[in-house]
Amino acid sequence: MGKFNMWMQRILYGRYGIDSLNKFLLTVSFVLIAAGLFYHGKILRIVTVMLLIYIYCRMFSRNHVMRARENQKFLEMTSDFRKNKGGSGSYRSGTGYGAGYGSYARAARPQKDKDHKILRCPTCGAKLRVPKGVGKINITCPHCNLKFIKKV
Ligand SMILES: [Zn+2]
């Protein structure tokens, strides 16, 4: 094994090597190779070979900047999935809840008091804070003394 590692190191010297994207692609190619044992499709074989060629090209590439950029893109695309990997819920319901909660929090932020509602006086336009969810209430504007009924 030691000899193999030295051989690998010599081969990969100055090359890009294996990153997260290559590890992922290797896993996919192993799955495809395993699938090829049971399903002898031409397309599957072509895809497997193309994928392996792509992995080798990335591994032996000397353009580290480009490869690192690809890897970064891959990590960004899969970051949600990897974060939720350990969770109990499925990936879809997890993000759905997250997005829903986020929009709820954003919508609720400007209105600090959820038990009150801000109305505008129909004549002078003054802001009036009224209790919310109590039905029809009689409101008297403190600025112009207008009395009006509003459902809240
Ligand atoms: Zn008024």
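**Residues, helices and loops**

Guide: H64 is partly exposed, because it has 13 other C-beta atoms within 10 Å. A residue is buried if 20 or more other C-beta atoms, placed from the backbone, lie within 10 Å of its own, exposed if 12 or fewer, and partly exposed in between. This is a predicted model, in which local features need pLDDT of at least 70, side-chain atom pairs count only at pLDDT 80 or more, and totals for chains, interfaces and linings use all residues. Residues are numbered from 1 along each chain as its sequence is written.

Visitor: Where is H64, then?

Guide: H64 is in helix 4, which covers residues 64–84. Helices (H or I, at least four residues) and strands (E, at least two) are DSSP runs, numbered from the N terminus. From C-alpha to C-alpha, H64 is 5.6 Å from Y16, although 48 residues separate them in sequence.

Visitor: How many helices and strands does the protein chain have?

Guide: The protein chain has five helices and four strands. Starting at the N terminus, the order is α-α-α-α-α-β-β-β-β.

Visitor: What about confidence, in terms of mean pLDDT?

Guide: pLDDT is the predictor's confidence in each residue, from 0 to 100. The mean for the protein chain is 82, and 80% of its residues reach 70 or more. Over residues 87–108 the pLDDT is below 50, and this stretch has six contacts in the model beyond near neighbours in sequence. A contact here is two residues whose C-beta atoms, placed from the backbone, lie within 7 Å.

Visitor: What share of the protein chain counts as buried?

Guide: Of its 152 residues, 3% count as buried. After helix 1 comes G14, which has a positive phi near 80°.

Visitor: Back to helices. At what angle do helix 2 and helix 3 cross?

Guide: The axes of helix 2 (residues 20–38) and helix 3 (residues 42–59) cross at roughly 155° and come within 10 Å. That makes the two helices roughly antiparallel. Angles under 35 degrees count as roughly parallel, over 145 as roughly antiparallel, 65 to 115 as roughly perpendicular and the rest as oblique. The axes are lines fitted to C-alpha atoms, for helices over the stretch in contact, and angles run from 0 to 180 degrees between N-to-C directions.

Visitor: Which residues make the contact?

Guide: From helix 2, they include N22, L25, L26 and V28; from helix 3, they include L44, V47, L51 and R58. The residues of this contact divide into 13 nonpolar, four polar and two charged. Here Ala, Val, Leu, Ile, Met, Phe, Trp, Tyr, Cys and Pro count as nonpolar, Asp, Glu, Lys and Arg as charged, and the others, Gly among them, as polar.

Visitor: R58 then: buried or exposed?

Guide: R58, in helix 3, counts as buried because it has 21 C-beta neighbours inside 10 Å. Not counting residues up to four places away in sequence, R58 touches Y16, N22 and R67. R58 and E70 are 12 residues apart in sequence, with 9.7 Å between their C-alpha atoms.

Visitor: New topic. Where does C141 lie?

Guide: C141 lies in the loop between strand 3 (136–140) and strand 4 (147–151). It counts as partly exposed, as it has 18 C-beta neighbours inside 10 Å. Leaving aside neighbours within four places in sequence, C141 is in contact with C121, C124, A126, L128 and L146.

Visitor: And which loop holds A126?

Guide: A126 sits in the loop between strand 1 (116–120) and strand 2 (127–131). With neighbours within four places in sequence left aside, A126 is in contact with C121, C141 and H143. H143 is 17 residues away from A126 in sequence, and 7.1 Å away from C-alpha to C-alpha.

Visitor: One last thing: what is the phi of N145?

Guide: The phi of N145 is positive, about 60°, although N145 is not a glycine. Most residues other than glycine have a negative phi. N145 is found in the loop between strand 3 and strand 4, and counts as exposed because it has 10 C-beta neighbours inside 10 Å.
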